[in-house]
Structures are given as C-alpha cells and as structure tokens.
Amino acid sequence: MTSVQLTDLEKQLQELDSESAVAIAAATTLEQLEQLRVAYLGKKGQLGLILRGMGQLPGEERPRIGALANTVKEALQNKLEQRQSALQAAQIESVLAAETIDVSMPGVQRPQGRIHPLNGVIDRVFDICVGLGYTVATGPEMETDYYNFEALNTPPDHPARDMQDTFYLPDGNLLRTHTSSVQIRYMESHTPPLRIVAPGRVYRRDTVDATHSAVFHQIELLAIDKGLTFTDLKGTIKEFLRQMFGEVAIRFRPSYFPFTEPSAEVDVQWQGRWLEVLGCGMVDPNVLKIVGYDPEAYTGFAAGFGVERFAMVLHEIDDIRRLYASDLRFLRQF
Ligand code: DAH
C-alpha cells in the first residue's frame, strides 16, 4: 500500500465534501436534491465507491480514513437535510404567497338576482298556508279527463266544461285547466284528515291579452276532516287574505263550481274597487265518494286562485304579459 493511494482516498473524500457542499447549495428543487442524495449516498453512490478502496489501505491507516469518511458522510447528510428543510420552507412560502388574498382590492360586483313576482306570491302563499298547517302537494300538468273533470263531478256532457276551454292532446289526455285535479290525486293516495296547498301551471285556450294567458299559475287549497263547516272555510280564507293583502274588506258571493256545494267567490276591496280573487266552496259529497271517503263522516272545503291575478293586484301590474316577458327593467323592480 503506497502513500499515493492514501492521499488519493483522503483527497477524494475532501473533494467529495467540498463539491457536494456547492452542488447541494445550488439545488433549487426537492427532486434535484434527491438526485444528489442518490449520487452521493446511494448504493452506487460516490461515497460507497470511495469506501470500497478502504480495503486496500494498510491496517494502521484505516481508522483515520474511516473516521474521515464518517465525518464526510455525516456532513453530507446534514447538508442534504438542511437544504431539504430550506427548500420545503421556500415551497410553502411560495404557495402562501400565491394564495394570498389582498383584502384591500376592490371587490367584483356580481349582478344580484331577484325573486320573480310570481314566485314571490307562491312563496308568500306557502308561508301563510304552512303557518295554518297545510302541506305542499303537486300533480302533473298533463292530465287525464278523469282527474281534470270527471272525478271533480264534471261528466263529459256537463255544461261547466264550457267554463274552461281545454287543450286536448292527440292521445285523449289534456293539459290541466286547473290545479283542482291535484285534489283528487292527493285524496286517492292519502287518508283524511288532510290539508294541502298545491301550486302549479295550468293551461287554457284563451286569447292572450292584458288579463289572459294560455298558460298561467294557480294555487289550490284543500282541507278534509271530521266536522269541517262553511265557517271553517270562511275563517281560513279570511285569515289567508288578511295575511296576503293586509286589513282589507272582503266579501263572499254565492257562485257555482261542479266540485263544491255550496260554492262562493271572494272579492277584496282594493283601492276603492271590489276585485274577485278566488273561488271556493265545501267539497261536493260526490267528490268525496269518488275518492272513497265517507261523506257522512268527513267534510271538507277547497279554494283555488290565480297567482298572476294576485301578483297583478299586489304590485299594480297592468298587463299579465309583463310577467312572462323577462324584461329586466320590469323584473328589477321586485
Ligand atoms: N278550479 C277553479 C277554476 O279554475 C277554481 C276553484 C274554485 C277551485 C272553487 C276550487 C274551488 O278548489 O273550491 O276556476
């Protein structure tokens, strides 16, 4: 073993020490650092290569060179660890910096949507009716003759069919002309007592003008229980209209609907005029029988009204077509 070899190993270790210090300090990513770790300390790394030369050293030199190798190795590990911490910290810093929110920046103004006046009325009606113990129910817009007419005590030759000009579909079904059809569907699938409020679109072959639309919205009320009387109907309608329109005068007028007996129409005094706002009545015993209820045991009342009508009265809207025109100048007022 010559002293040249000895100096060689010593020199190699010292070079590894200083070279690696420069390379590790220059690493800018954790991936680069990992590559360096493998190159220096890995199985086939530089340190291992150098140590393999140790076997050829004279015995007395081994401890000294071995100690040096250990020092270099530990130094290498320290440098790698320190750089790793530094790079990790820098990475966190940069993520934080990128995600910083400048709270002093002016905000972005987003246009604010509004509740459509028709939905506004429906929401209000729900609030009132749920407060009175009613549950929301719905039914299909495409209906059978049975649910729209027949089960509502309106057989095919009944003159009341002329009250509502109907859109018939080629298959004999129809577009419901009123939400009263929901009464039948609900009663068929539930047992009394019950109280429902049923909103929805309805269809009629009306010529469109300032007060008519071929598609509009109705809300139906139905209550069935033991011992319900016309007084309950009146009290409910009065309270409902009070919450809807405030302290206004109201009046009940006798009327006719095939599915109620007796029937009434209700007017409210609004800006000095009597305005008709809804139809109502005690559910006809025939209707109760049709859905399998015993009319001796149960009575009920029902009411139906137009949502557009309510919206127009409440907001002083002069033309029903404004409600469907999607004109933002109109809609922004609500
Ligand atoms: N369905 C009737 C219509 O569209 C309104 C109506 C009247 C509904 C009396 C009712 C009622 O529930 O009892 O003209």
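Helices (H or I, at least four residues) and strands (E, at least two) are DSSP runs, numbered from the N terminus. The model is predicted, so that local features need pLDDT of at least 70 and side-chain atom pairs count only at pLDDT 80 or more, while totals for chains, interfaces and linings use all residues. Residues are numbered from 1 along each chain as its sequence is written, and side-chain values use heavy atoms, with hydrogens and water left out.

**Exercise 1.** Determine which strand gives the most to the lining of the largest pocket.

*Solution.* A pocket is, on a 1 Å grid over the protein atoms alone, an open set of points where a 1.4 Å probe fits, with protein on both sides within 12 Å along at least five of seven lines, and its lining residues have an atom within 4 Å of a point. The volume, which is the space filled by probe spheres set on the points, is about 1,200 Å³ for the largest pocket. Of the 45 lining residues, R204, F216, E276, G306 and R309 are the closest to the centre. Next, look at the elements that each supply at least two lining residues, among them helix 7 (180–189), strand 5 (215–225) and strand 8 (273–283). Strand 8 gives the most, with 7 residues.

**Exercise 2.** Sort the lining of the second largest pocket by residue class.

*Solution.* Begin with the residues that line this pocket, including P111, H116, L328 and R332. Ala, Val, Leu, Ile, Met, Phe, Trp, Tyr, Cys and Pro count as nonpolar, Asp, Glu, Lys and Arg as charged, and the others, Gly among them, as polar. Sorting in this way gives 5 nonpolar, 3 polar and 2 charged residues.

**Exercise 3.** Find what R253 pairs with in a salt bridge, and decide whether R253 is partly exposed or buried.

*Solution.* A salt bridge is a side-chain nitrogen of Lys or Arg within 4 Å of a carboxyl oxygen of Asp or Glu. R253 meets this rule with D267, the closest N and O atoms being 2.8 Å apart. Because R253 lies in strand 6 (residues 250–257) and D267 in strand 7, the pair ties together parts that are 14 residues apart in sequence. For accessibility, buried means under 20% relative accessible area, exposed over 50%, and partly exposed in between (1.4 Å probe, protein chains only). R253, at 26%, is therefore partly exposed, whereas D267, at 3%, is buried.
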